[in-house]
Amino acid sequence: MIPDAVQRLVRALLDPPSTLNLSAREWNDLVLIGRNAGLLGRISTELKDRGLFHKVPQKARAHLHAALISAESDQTAIRFEVNRVVRALATVDVQIVLLKGAAYLMADLPCARGRMLGDLDLMVPLERIEDVEQALIKSGWLPAELDDYDQRFYREWMHEIPPLQHPTRETPIDLHHTIAPRTSRVRPDAKALIAAAVELSAPRLSTLGPADMVLHSAVHLFNDEVSKPLRDLFDLHQLLTEFGARAEFWNELMARAKLHGLGRPLYYALRNTRRIFMTRVPSEIEKTASQFAPAAPIGAVMDWIFIRGFMPSVGTEKDAATACARWLLYVRSHWLRMPPFMLARHLAIKAMRQIGERLRRRPIEDPE
Amino acid sequence: MLISDIPHAALAQRLRQEGVHIDTGAFTTHLRIGLPHLVEEFAQMYAQYPVEDPPGIDDARLRIDAPSFISRYWAPSAAAWMDGEKFFDPVPAKRAYTVLESGLNWAVATSLLSPMLVHAAVVERANRAAILPAPTGSGKSTLSAALSWRGWRLLSDEMTVFSFEDGTILPNPRPVSLKNKAIEIIAAFEPRAQFSPIYTGTAKGDVAYMRPPADAVARFKESVLPGLVVAPQYHEGMRATVKRMEKMEGLRWLIDNAVNYSSMLRMGFDTLTGIAERCEFYILTYSDLEEAVDVMNRLLEESLSTAASP
């Protein structure tokens, strides 16, 4: 079910020296799929750290090197943005919780190695979010220019406010007050998330606690539409492996999943990391997690959708099954995000807008 | 095997189906073409380029085809896909070749293969590369085309590609894009130059492509160290004059023309300051190409003699 080329990518991530046996054409596919999946920089780091980089064919080496530089560049940008944010919030008394990539990076977790980063995701308590937003705007960040509907979409329905961006650095900041949309079926306990946050050595910064961090990654991957699903699943694999070394972690994880009502995404996370990355999960935890499984026929469909939909998008353009799985994931992410009536209206407004944009758009030619 | 070694019917079929892996020096592109008339133009312009057979590691994947089934017959047009994703809006099919060339440029700019890309033409003589950084429209293609027929080897008319391993320049010579008056000027300058048809009505007016001299393609695996940096400025009616640029100003000029300077971090800084240390910087204002070539030769001789006598 998993294409050979993707299996070789998974193998490269779990056992980097295995790449040294690849043929030129297999490298070609690994570079293409690895870059598309956002995982090439990681393979590059692994090979460099093991002193094996010079054994990679020259052409592949150039691509791996470029991917690593690009990841390092992202990481530098995020570190600097975090630094600027802390400075801008000097007078605002609030603990800043880093989420996702920025959290992995600043906490120096294994999944940050060679990882690309895009946005800076932050979380603060809902009652402080306006102060934080105003302080950032005062320090030069610009709020996204959105129409009334989108403003409302973010501020009333989402788990984050409209993105902010500094005009010269251009790293988008997503400022969250919880980890799932307000309108979604799941309602994680935002106060509990903040209360259990773990302080970093850097002043004022923290990350979610280990169990919450896993649950956030799971709810994001399995309930939202994400651009690099395989990379996010690999993050989950590494978080589970890293935190799972401590025996108490697993019971915390189950307890937090129940508290936040995130049992289902956790079930999917454990199941799919094991299916693709052979993640080690204690068998009694797996048994306990199966209480969160969907009914058997749905489970079988979901298994199919996730595996298919998580495959890198390149090389599968003509594959009807993959396109179908991806479409189902898209529909499902919207279904989970808001109640049916609201969803219907939201999609209608988006569709109208797209038609309008198409009518207004003038063709660009030869943008050499 | 060269493109010209493949019989036309076989080439057309390969381009339509599995594609060819065409090597342009620094880059290998997996190219597929679904438009019969474009196959012909491509085969002409790329006759002396080698194909990788069996294929190795591609740097980019490019497909040029009709954007939809209907547009094959009604309002024929051409669109480009890179790594399976459509980019650029379609252009009329008679200008499909410009989409191919833009696509190949785009493939270089976005491949991330090289740590450092500078938007500059680059030519070589006496084992020294002259980098000609300039924004579009300052005549860098025209000047590099002229130099390529007067003892200089064309490395690229568009993008200077630096190797991440040793900072040398990797040649990637492709047909030189000439606009409007430059087409006649080069045709008059060099009778041996061979051109594509003239494509009229593009966003930049008339465009034609000059085939690089055979030597440029035959030697495109020979990388070169940077030797001098000359910013060309075409100025109608001006006699060729040259002005030395301060190194700091020259470095800034390079940075401004670098495609990916800020994302290259330390490596970008090291590569460009390395050039600044090795090279002298000049601004060359010219209108007559023969004069400009003379000035380039003089600047090269000067740089060789200063290097010889420390």
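**Helices α9 and α10, chain A**

I began with helix α9 (residues 210–223) of chain A and helix α10 (residues 229–244) of chain A, in what is a predicted model. I read an angle of about 160° between them, with their axes 10 Å apart. α9(A) is therefore roughly antiparallel to α10(A), since angles over 145 degrees count that way. I noted that α9(A) passes α10(A) in a left-handed crossing.

Next I listed the contact residues. From α9(A) I wrote down A:Pro210, A:Met213, A:Val214, A:Ser217, A:Ala218 and A:Leu221. The α10(A) side includes A:Pro229, A:Asp232, A:Leu233, A:Asp235 and A:Leu236. A:Leu239, A:Leu240 and A:Phe243 of α10(A) also take part. I sorted this contact by class and got 11 nonpolar residues, one polar and two charged.

**Helices α10 and α12, chain A**

I then followed α10(A) to helix α12 (residues 263–277) of chain A. Here the angle is about 100°, and the axes are 9 Å apart. α10(A) is therefore roughly perpendicular to α12(A), as angles of 65 to 115 degrees count as such.

On α10(A) I found A:Leu233, A:Phe234, A:Leu236, A:His237 and A:Leu240. They meet A:Ala269, A:Asn272, A:Thr273, A:Ile276 and A:Phe277 in α12(A). I sorted this contact too: seven residues are nonpolar, three are polar and none is charged.

**A:Met278**

I looked up A:Met278 in the loop between α12 and α13 (283–289) of chain A. Its phi is near 55°, a positive value in a residue other than glycine. I made a note that most residues other than glycine have a negative phi. Is A:Met278 buried or exposed? I found 10 C-beta neighbours inside 10 Å, so A:Met278 counts as exposed.

**A:Lys100**

I also checked A:Lys100, which is not a glycine but has a positive phi of about 50°. A:Lys100 is in helix α5 (residues 100–106) of chain A. It counts as buried because it has 25 C-beta neighbours inside 10 Å.

**A:Ala196**

I went to the loop between α8 (190–195) and β6 (198–199) of chain A, where A:Ala196 sits. A:Ala196 has 18 C-beta neighbours inside 10 Å, so I logged it as partly exposed. Which residues does A:Ala196 contact, leaving aside its neighbours within four places in sequence? I found A:Gly209 and A:Asp212. I also looked at A:Glu242, 46 residues from A:Ala196 along the chain. The C-alpha atoms of A:Ala196 and A:Glu242 are separated by 18 Å.

**Domains of chain B**

I turned to chain B and its domain assignment, which gives domain 1 (3–111) and domain 2 (116–308). Taken over C-alpha atoms, the centres of domain 1 and domain 2 of chain B are separated by 26 Å. I read off 16 residues of domain 1 of chain B in contact with 22 residues of domain 2 of chain B.

On the domain 1 side, α2 (36–45) and α3 (96–111) of chain B each supply at least two residues. α3(B) gives the most to that side, with seven residues. By class, I have eight nonpolar, five polar and three charged residues for the side of domain 1 of chain B that touches domain 2 of chain B.

**B:Pro54**

My last stop was the loop between α2 and β3 (60–65) of chain B, which holds B:Pro54. The peptide bond from B:Asp53 to B:Pro54 is cis, with omega near 5°. I noted beside this entry that most peptide bonds are trans.

Conventions
Residues numbered from 1 in each chain as written. Chains lettered and ligands numbered in written order. Predicted model: local features only at pLDDT ≥ 70, side-chain atom pairs only at ≥ 80, totals over all residues. Axes fitted to C-alpha atoms, helices over the stretch in contact; angles between N-to-C directions. Helix = DSSP H or I, 4+ residues; strand = E, 2+ residues; numbered from the N terminus. Parallel < 35°, antiparallel > 145°, perpendicular 65-115°, else oblique. Left-handed = near helix turned anticlockwise from the far one by under 90°. Contact = placed C-beta atoms within 7 Å. Nonpolar A, V, L, I, M, F, W, Y, C, P; charged D, E, K, R; others polar. Domains from an automatic or database assignment. Buried ≥ 20, exposed ≤ 12 C-beta atoms within 10 Å, placed from the backbone.
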